[in-house]
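Please read them with the sequence and the coordinates open beside you.

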Amino acid sequence: MAEMGSKGVTAGKIASNVQKKLTRAQEKVLQKLGKADETKDEQFEQCVQNFNKQLNEGTRLQKDLRTYLASVKAMHEASKKLNECLQEVYEPDWPGRDEANKIAENNDLLWMDYHQKLVDQALLTMDTYLGQFPDIKSRIAKRGRKLVDYDSARHHYESLQTAKKKDDAKIAKAEEELVKAQKVFEEMNVDLQEELPSLWNSRVGFYVNTFQSIAGLEENFHKEMSKLNQNLNDVLVSLEKQHGSNAFTVKAQPRKKTKLFSRLRRKKNSDNTPAKGNKSPSPPPDGSPAATPEIRVNHEPELASSATPGAALPKSPSQSSLPAVVVETFSAAVNGTVESSSGAARLDLPPGFMFKVQAQHDYTATDTDELQLQAGDVVLVIPFQNPEEQDEGWLMGVKESDWNQHKELEKCRGVFPENFTERVQ
């Protein structure tokens, strides 16, 4: 009998829930069709919008924090492998072996401590913060359902009151259901009206605490890691002093193409070589490409007037096939001049100057078209007149000190290995 009673109660509850769902569905349809008014609370709706925004922001922060932690763990593993490699290659008779091993151990412990503190002081706090949202979200949804129940009960009561044939018993029962629905709704509504603004305002303090914790932990981590790195550097300096004769030399990338200046010289010489049997070259016939006057750009008017009449500028290897504007740019580069957009000559920088680099290592030139560099030299980088002449890993430039003294590209410019320098401007 008890079992049957229990089943009866369960069946009755299910039937009641089904009926509530049907009633709510009907009420929502009527409200959407405009046949029934809907209770509105704009202030509460704004609170719900803020709640959803806060939930989305918190969820994103939690995701990004987990990604950050995963990156810290990956860096820990990479650092550990790197230190293990150092321990393996550090031979027993080298000075500082024990110190290097101790530094590696402390490095590993520092990474572990950093990761754990991030978990304790940021991730767990994040999880606690987000843990309150599911319950509130559920209560917001339930409040919405109870509001529909309240509107439905109100409309039912009003319809019975305005009916032509009034049934007092039904009206009394409908009124009782209305009061009950209103009470349930208002209890939930009052609680949420208090909690949602408070939760929204709490986000400021939470964000401050979270990011302060992360920033403080990262700052301390890098301070301690910096000390370990300095200690390791001291150990390696000691090793370098003992084996100074075996220093590693930075090498330039090999040049595969024909050397630039030697190619230009061969081209220039071939242009000026007289034909066999003639003591001097005969002038080119009128209308031939060679008879076409070349474009010249001079530093100043007086230089142009003092130049030898008819003197032509050296040609680039492919000058005859280039557009006039390219020929002009090449001619300007050879003369050591270039004009700005305003027409004023720039005498402080070489033509086409792009940026500056500073030599980090000494470089001994191995050919006549290369620059000799010492650590600290500043080089003004200029473009190659013919990009095809540029080898990978090599730049064209003139040392700033030479340019300031001579202002002549032909005497000062040269190529140099890019990996021996570092860009400074």
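The points below take up the sheet, a loop residue and a pair of helices.

1. Basis of the note. This is a predicted model, in which local features need pLDDT of at least 70 and side-chain atom pairs count only at pLDDT 80 or more, while totals for chains, interfaces and linings use all residues. Residues are numbered from 1 along each chain as its sequence is written, and side-chain values use heavy atoms, with hydrogens and water left out.

2. The sheet as a whole. Five strands make up an open sheet with antiparallel pairing, in the order S4-S3-S2-S1-S5; strands (E, at least two residues) and helices (H or I, at least four) are DSSP runs numbered from the N terminus, and two strands pair if DSSP finds at least two bridges between them. S4 and S5 are the edge strands, each with a single partner, so one side of each is left without a neighbour in the sheet. On average, neighbouring strands of this sheet are turned by 50 degrees against each other, direction ignored.

3. Strand S1 and its two neighbours. Four of the five residues of S1 (residues 355–359) are buried, so this strand is largely enclosed by the rest of the structure; buried means under 20% relative accessible area, exposed over 50%, and partly exposed in between, with a 1.4 Å probe and protein chains only. S1 is joined to S2 (residues 378–382) by four bridges in the antiparallel sense, and Gln 358 stands opposite Val 378 of S2. Toward S5 (residues 421–423) there are three bridges, again antiparallel, with Ala 359 opposite Thr 421.

4. Strand S3. Six of the six residues of S3 (residues 394–399) are buried, so S3 is largely enclosed by the rest of the structure.

5. A loop residue to look at. Lys 407 lies in the loop between helix H9 (400–406) and helix H10 (409–412), and its phi is near 55 degrees, a positive value in a residue other than glycine. Lys 407 is partly exposed, with a relative accessible area of 29%.

6. Helices H3 and H5. How are H3 and H5 oriented to each other? H3 (residues 97–131) packs against H5 (residues 168–242) at an angle of about 175 degrees, with the axes 10 Å apart, and the two are therefore roughly antiparallel. Here axes are lines fitted to C-alpha atoms, for helices over the stretch in contact, and angles run from 0 to 180 degrees between N-to-C directions; under 35 degrees counts as roughly parallel, over 145 as roughly antiparallel, 65 to 115 as roughly perpendicular and the rest as oblique.
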